[in-house]
Amino acid sequence: MSNQSESPNPTSSSNKITLKTSDNEVFEVEEAVAMKFCTVKQYFDDENNNNVTSGTSTTLIPLPNVESHPLAILITYCKKHLEIKANNADNKKEMEIDMEHYEREFLKNVMPQELTELILAANYLNFKEALDFFCRAVASAIQNKSVEYVRKFFGLESDFKPGEEEKLREEFAWSFEGVDED
Amino acid sequence: MAESSTQSNSKRQTLSPGKDAVVDRISILPESLLCHILSFLPTKESIATSILSTRWKLLWTLVPKLFLDSDKINTSELSLDDDEDVEEAREIMFAHVVSSVLAQQECGELQTFRLKWQFWWDGSHLDAWLRTAAARKVKELNLDIYTDRDENLKLPPSFFSCRTLVVLNLTGTIDIDIDIDIDIDIDTPSLSFNFPSLKILRLVRIWLPSIINSQEHSFLKLLSGCPVLEDLSFTTDHFEGEYKLCVPTLKRLSISEIEYNESDYELEINAPALEYFEFYGDLRVIKFYEKLNNLVQADVYPYDSDYEDEEFHRTWVFNIFAALNNVKFLSFSPDGTEWHNFGNIYPSSFQNLVRLKFKVDGCNWNVLRDLLRKAPTLETLVITKGYDFVESNLYWKEPQYDPANLSSLTSFYYRGFKVESRRKVFLRNYQCSQGAQQHVFLELNEVSVSTWHLLPCLFVQFCLPYIMLYISTTAVPNILPFG
């Protein structure tokens with residue numbers, strides 16, 4: 001869209017909220033972004049209720065279960081998410097198309113091993129869209145893949161007793177058919 | 001992104017499947033998150049994870065979503081020669097798979113049950129499956145059923161006991177090889193269609209005559225069993241007869257016909273809370289009980305109709321716009337040549353309209369012109385080229401001196417027209433009568449030379465105030481915005 005630069009930035013002109021990660025890094029984020037993290041929103045609301053006089057601009061919220069690396073990625077994702085939503089406020093279909101396109105590009109820069117920590121961080125922050133997105137990404141990475149491929153992908157080793165795995169393979173034989181070549 | 005991290009966690013080494021090193025990077029996740037990942041997979045693939053390790057063995061049974069598709073069940077290992085035997089074996093096997101999956105699932109409430117099922121012989125299993133789903137308080141049911149048996153598939157009694165449903169999608173498909181309509185028939189006199197929590201209902205190729213035409217079991221009665229319904233869409237081959245629809249809570253309504261319709265029908269809609277209305281099909285009598293005061297968006301795509309009486313057709317369009325008058329965002333795509341003869345089809349001014357998407361086919365310029373005259377608050381105008389665009393100005397009338405007053409217009413997109421490269425184009429620059437500067441984005445993706453001559457007319461016609469040409473293709477560097 002040509003007028004993207006002119007469209008109002010959804011995250012501008014709002015209070016900043018400071019987040020402190022478990023590895024002691026400090027992130028200053030727009031309130032609109034922070035409020036997408038339900039855990040932060042809950043903390044923020046509780047703080048405001050407890051101390052009505054405190055200025056919100058100086059709020060510092062500790063995130064003892066989130067490291068800076070996944071948080072930085074989640075903030076980037078969240079900003080873009082809000083921007084795409086604001087640009088397509090009147091058209092759900094176009095918003096979904098834009099979002100899908102962005103997510104596809106986004107995943108190109110995420111290593112498979114980062115997904116686990118992103119899922120944990122999104123889950124802790126209770127950021128539903130991101131949690132679903134990263135879980136969906138893992139699901140599609142293993143979709144239609146052989147058991148051997150998925151084990152390697154996850155770094156898992158079989159711990160079944162001898163014969164047990166074969167029994168399962170037999171019981172659910174229909175579910176192992178038609179997988180892609182590794 | 002990985003390099004930028006300062007963490008020295010051994011679990012975060014770069015690893016791709018295929019290398020020898022095995023570093024478990026998934027087991028750190030709790031069971032609930034592993035199940036959440038599995039919920040994005042079809043049930044077949046979710047079950048295949050059961051042999052990854054002992055921890056995964058029963059995880060799939062905890063996923064509250066089921067998606068089973070009979071197309072994805074293979075019987076290659078049975079090595080049967082006869083095609084019919086293969087189909088029958090497949091059908092028996094699929095029925096067995098669904099039954100055993102339902103029996104083995106351990107989680108309590110079932111969030112989603114999605115079943116895509118083709119069958120030729122025995123459809124009786126559905127009753128037992130839906131009984132289980134009902135007992136597990138299923139919230140979303142998605143049935144997509146295809147059969148070529150020569151009678152309609154009746155939904156079983158257990159379907160009507162799924163009282164916890166919030167979302168219901170029913171899709172039936174017709175076998176085109178035979179003449180008789182084979183769809184899902186939801187006309188069941190002895191059982192009531194009663195879903196107290198149902199918010200979203202989609203009916204695709206459901207055998208409508210049975211639910212609408214019969215007096216006792218009308219569509220009206222069916223919908224009265226859904227007291228909180230917000231979103232209704234139905235897609236049918238074509239409408240015929242009289243339909244009534246009364247849903248006070250309805251916010252979204254989509255109606256579409258798949259095939260061209262030669263029959264008459266009458267549709268009465270009583271949905272005063274409607275916010276979104278979508279129509280694809282042959283327009284006939286569509287009556288709204290009242291003007292839709294909460295309407296935000298409407299997408300209206302009437303098919304190209306050969307209806308003989310143009311006056312009737314004009315009245316139908318007129319009536320529909322009388323109800324849609326409060327709309328903010330409108331997409332309108334009037335197909336066919338008859339529109340040219342209609343005269344004014346808009347009962348009154350669109351006082352709230354801010355965005356209009358209009359598809360031109362060369363014969364409906366007058367419909368657009370009339371509409372713009374009635375849209376004083378329009379901010380965005382998107383003109384796209386219709387599929388059957390007539391490359392002539394046969395239907396273009398020179399404007400009379402009655403320019404539309406589009407003083408609020410800020411964006412104008414003209415899309416989908418092909419360009420012959422390196423043609424210079426001179427457009428006149430009009431100053432807005434109020435003197436305010438507005439930016440009009442003229443998005444000329446691909447503008448066809450044969451329509452260039454229309455553009456200046458367009459500007460005179462619509463009195464577009466200040467034109468800024470925005471060209472989104474790099475193939476035509478020589479196009480200049482202003483002469």
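**Close-up views of a predicted two-chain model**

**View 1. The outward face of helix α4 of chain A.** On the side of α4(A) that faces away from its buried side lie the exposed residues Lys93(A), Ile97(A), Glu100(A) and Lys108(A); exposed means over 50% relative accessible area, buried under 20%, and partly exposed in between (1.4 Å probe, protein chains only). This is a predicted model, in which local features need pLDDT of at least 70, side-chain atom pairs count only at pLDDT 80 or more, and totals for chains, interfaces and linings use all residues. Residues are numbered from 1 along each chain as its sequence is written, chains are lettered from A in the order in which they are written, and side-chain values use heavy atoms, without hydrogens and water.

**View 2. The buried side of α4(A).** Met95(A), Met99(A), Tyr102(A), Glu103(A) and Phe106(A) are buried. They lie on the same side of α4(A) because their arc around the axis is only 105°, taken from the directions from the helix axis to the C-beta atoms. Their cover includes α3 (68-87) and α6 of chain A; helices are DSSP runs (H or I, at least four residues), numbered from the N terminus, and contact means heavy atoms within 4.5 Å.

**View 3. The largest nonpolar core.** This core has 160 residues, and Phe37(A), Phe113(B), Phe277(B) and Phe332(B) have the most contacts inside it. Such a core is a set of buried Ala, Val, Leu, Ile, Met, Phe, Trp, Tyr and Cys residues joined through side-chain atoms within 4.5 Å. Helix α6 (residues 128-142) of chain A contributes the most, with nine residues.

**View 4. The surroundings of Phe113(B).** Beyond neighbours within four places in sequence, Phe113(B) contacts residues including Leu66(B), Trp129(B) and Asn142(B).

Methods: Helix = DSSP H or I, 4+ residues; strand = E, 2+ residues; numbered from the N terminus.
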